[in-house]
Amino acid sequence: MANVPHGGVLKDLVARDSQISSRLRDEAAELPDIVLTERQLCDLELITNGGFSPLEGFMNEKDYKSVVDDLRLADGTLFPMPITLDVSKATLDELKIAAGSRLVLRDPRDDEALSILTVEDVYRPNLVKEAEKVFGADDPAHPSVAYLRNRVQDFYIGGTVQAIQAPNHFDYVALRYTPAELRSHFKKLAWRKVVAFQTRNPMHRAHRELTVRAARQRQANVLIHPVVGLTKPGDVDHYTRVRVYEAIMAKYPNGMGHLALLPLAMRMAGPREAVWHAIIRKNFGATHFIVGRDHAGPGKNSEGKDFYGPYDAQDLVTKYHEELEIEMVPFQQMTYLPSTDEYQPVDEVPKGVQTLDISGTELRRRLRTGASIPDWFSYDAVVKTLRESYPPRDKQGFVIFLTGLYNSGKDTIAKALQVTFNQQGGRSVSLLLGENVRDESSIDKSYTLEEQRENAQRIAFVSAELARAGAAVIAAPVAPLESTRQSVKDTVLHSGGAGGNFFLIHVATPLERCERTDRRGIYARARKGDIKGFVGVDATYEKPERADLVVDVTTQSIPGIVHSIVLLLEASSLL
């Protein structure tokens, strides 16, 4: 029997509002709208299908503050993660958003109207406090803190939603289940106990052995429930991972396991995230949930230390065990015993018995170099899938992002790099000059900050797609804002697949030199006021905080700079 939803009732808003969806759709045609971000889209899908029960919308200020401070909604219900809808001041003013307003929430992929939000309040969050409370530190090394700093807008809108329709998906449709559908599936198969396994990584033999062992010990079935929404930048893309999951499901005992995809935007919040994941799996009908060592941890902080302790997540889930009403299964570290050709928990292996393991770093090295991966570690079908999606490093695409003032020499460097890469061969080479990917002459045009961000995102999208296909991409916009450059990097890392190799090169030629050698007179026109918002004249250029390489044409030759960039790529085994 499936577990009771969190809060007692599954908030399936799509089913609840199905009788009025036509009326809502007609109303949506007359209302102002907000086009959601990718994270907001993931959140809305799980709000409207009941995955985030008991939520029925985006959190108002009272719920938000209570969740940040105490891991509870204002009514006392346990819920550890703020689910918020952020908007800019410009959007608030333009749409005249206030309490009582009704807004259409649209899918960024196809512009479909998904829901209507009735605004309860508009409030300005304390993002530093949110970072410290939810993620443990206001440290930009944490991907969600970086997201708060660079992507989240200044205001949050709280309110309930009415569902017009669920988002459309065209990939792996047969594997996408709502909580109600998965509960119905469990009921049809008479599954009374279900152990859910959360993952954002490819699975190998150790994961299969772990989940089979957990199920057998509890006389239960297994739900493999991987995240296919937003995960950590640089993770294996979900298309590759799902092909891996499909391959490994064939290795489970007949009838033991089931694969379903979760459109979650992870926050990598460690202990809080583990409690959140448990609530979500409870809503999907699971009775047990495997919590890993350093569950949903983002890695190292700015000081090189882990953000969370190895067992912090398990401890917090244990603390709220009675309220969660889902049994935690502690992740057991598995190791291979060659003498018996089996996997066993590390703490159950007798002293002196030989064991074998391959770390994640070592696996990536073997994939990169083409070295063999033993069948005791993974399955042939899994390795084949990974090798198809992640070729050796010297076959992977990459993005060289040159940023600097106009006439700093970045365009000359970019063109010289293009010639050098074409000479070496082995990859197609794409050159993106100017501020607008559609127009190389765009440097002498005036752009607002918002237009600059939009243009940079176009460059990021094109770069990621080309790099994914194995191209060497050289982009050379001014890109004056740190937040814009970080956003471009995040897009490439998230969407570039095996080509998600991003290198930020700061062409730090001084303004005086840039202006003195400006034969086109662009700076002179800007100083006369003919060009507004020109970087270096009446707009600020923010120096990159973490450039991979800093160069300056006043002290280095173009060939020397090009050679430095080539050495950088060679050090990463990309050339």
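**Exercise 1.** Is Asp17 buried or exposed?

*Solution.* First, a word on the model: it's predicted, so local features need pLDDT of at least 70 and side-chain atom pairs count only at pLDDT 80 or more, while totals for chains, interfaces and linings use all residues. Residues are numbered from 1 along each chain as its sequence is written, and side-chain values use heavy atoms, with hydrogens and water left out.

Next, the cut-offs: buried is under 20% relative accessible area, exposed is over 50%, and partly exposed is in between (1.4 Å probe, protein chains only). Asp17 has a relative accessible area of 5%, so it's buried.

**Exercise 2.** Find the salt-bridge partner of Asp17.

*Solution.* Look for a side-chain nitrogen of Lys or Arg within 4 Å of a carboxyl oxygen of Asp or Glu. Arg16 itself is partly exposed, at 41%.

**Exercise 3.** Work out what the Glu325 salt bridge ties together.

*Solution.* Start with the partner: Lys282, at 3.5 Å between the closest N and O atoms. Then place both ends: Glu325 sits in the loop between helix H13 (321-324) and strand E11 (327-330), and Lys282 in helix H11 (residues 271-283), so the bridge joins parts 43 residues apart in sequence. Finally, check the cover: Lys282 is buried, at 1%.

**Exercise 4.** Sort the Asp154 and Arg124 pair by accessibility.

*Solution.* These two side chains meet in a salt bridge at 3.8 Å, N to O. Asp154 comes out at 39%, so it's partly exposed. Arg124 reaches 55%, so it's exposed.

Conventions: Helices (H or I, at least four residues) and strands (E, at least two) are DSSP runs, numbered from the N terminus.
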